[in-house]
Amino acid sequence: MENIRTVIPNEFVDPHTHILPGMDDGAKTPNDSVKLLNMLKREGVTTVVLTPHFDCIRGSLESFVRRRRRALEELKQAMGPQGGLCLLTGCELYMDAPVDPFLDITPLCFEGTRNLLVELPWSKKWSAAMIENIYQLSCNQNIRPILAHCERYPAVQRDPRLAYAAVEAGCRLQVNIASLLDKGRKKLILRLLDQGLISFLASDCHDPVVRPPMWPAGLQALTEAVGPGPAAQLLQNGGGLLPHNGSERAHEVPF
Ligand SMILES: [Fe+2]
């Protein structure tokens, strides 16, 4: 059995979480948020990107940013003075339609960077226009898109070539660590990994009971399947998503 401690880097980033209280279908209360952060900390995570869902076609960016700021304050108050965990703000942007090219979406990016987590539709077939929207984001707004949990979309499960199309459009692909525990999703992930299409791992955790982080079990499954080298590389890639000057713009919070 592989020892996953050898694959965990000093800077262990979870770039996709739904921890901010009351923002979306993730943590409902500050108490649940604190439980999730404690779980991530026990699993070895050192930096958490807070990525609540946002859809700029159906909601106002200003009001999202205001709500996110309030939720972060609420979370900090609930945490109290223990240990150290770095928190960065971001979002998971639903991309069903083009983003207004005149809208400044940098507040949606991972704090202090141009990295943006994007989500494509679940129920619909992906169209060429959807992939084009992502390409426009990277070209026109100098954004570096990351496609959330690419292995979970029925469209990709039916036709894995869509993952390649997303990469060609400028996306880096993220997979959920818990998907390594599902036989069908794991098979797809291994296929995409073999083709060099996966860049990042994340927990996409929502709550402490139904959708908890699952890093150790997922990393164990991954390491057994591909060996410690590739697993360690995927985790190290996460460090590249942080602002160049590290803590300068990060919320270093007592936790
Ligand atoms: Fe998510």
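# A tour by selection

Helices here are DSSP runs of H or I with at least four residues, strands are runs of E with at least two, and both are numbered from the N terminus. Residue numbers count from 1 along each chain as its sequence is written. The model is predicted: local features need pLDDT of at least 70, side-chain atom pairs count only at pLDDT 80 or more, and totals for chains, interfaces and linings use all residues.

**Stop 1**

**Stop 2: the whole chain**

Zoom out. The chain has 8 helices and 10 strands. Its radius of gyration is 17 Å, close to the 18 Å that the globule rule gives for 255 residues, so the chain is as compact as a globular protein of that length. That radius is taken over C-alpha atoms, and the globule rule is 2.2 Å times the number of residues to the power 0.38. Along the principal axes, the C-alpha atoms fill a box of roughly 50 × 50 × 35 Å.

How many of the 255 residues count as buried? The share is 41%. A residue is buried if 20 or more other C-beta atoms lie within 10 Å of its own, exposed if 12 or fewer, and partly exposed in between, with C-beta atoms placed from the backbone.

Of the contacts with a separation of 6 or more, 79% join residues 24 or more positions apart. A contact means two C-beta atoms, placed from the backbone, within 7 Å.

**Stop 3: the open sheet**

Now colour six strands. In the order β3-β5-β6-β7-β8-β9, 6 strands form an open sheet with parallel pairing. Its edge strands are β3 (53-54) and β9 (198-202), each pairing on one side only. Two strands pair if DSSP finds at least two bridges between them.

Go to the β9 side. Select residues 172-176, strand β8: 4 bridges join β8 to β9, and the two run parallel. V175 stands opposite L201 in β9.

**Stop 4: strand β6**

Select residues 115-119. How many of the 5 residues of β6 are buried? 5 of the 5 are, so β6 is largely enclosed by the rest of the structure. N115, L117 and E119 point one way, while L116 and V118 point the other way.

Look to both neighbours. Strand β5 (residues 92-94) joins β6 through 3 bridges, running parallel. Strand β7 (residues 144-147) joins β6 through 4 bridges, also parallel. Click L117. Opposite L117 stand E92 in β5 and I146 in β7.

β6, α3 and β7 make a right-handed β-α-β unit. Right-handed means that, with the strands pointing away from the viewer, the path from the first strand over the helix to the second runs clockwise.

**Stop 5**

Most residues other than glycine have a negative phi. Here are two with positive values. Which loop holds N142? N142 lies between α3 and β7, with phi near 55°. N142 counts as exposed because it has 9 C-beta neighbours inside 10 Å.

Move on to H149, in the loop between β7 and α4 (154-158). Phi of H149 is near 30°. H149 has 20 C-beta neighbours inside 10 Å, so it counts as buried.

**Stop 5: the nonpolar core**

Nonpolar side chains tend to be buried together in soluble globular proteins. The largest nonpolar core has 72 residues, and V118, L147, A166 and L173 touch the most other members. A nonpolar core is a set of buried Ala, Val, Leu, Ile, Met, Phe, Trp, Tyr and Cys residues joined through C-beta atoms within 7 Å.

Centre on A166. Not counting residues up to four places away in sequence, A166 touches I131, I134, L147, C150, C171 and L173.

**Stop 6: strand β2**

Finish at residues 47-50. From β2, T47 and V49 point one way, V48 and L50 the other, and all are buried. The chain reaches β2 from β1 through helix α1 (residues 30-42), in a right-handed β-α-β crossover.

Strand β1 (residues 13-17) runs parallel to β2, joined by 3 bridges. Strand β4 (residues 84-89) is also parallel to β2, over 4 bridges. End on T47: it is the bridge partner of V13 and stands opposite C86 in β4.
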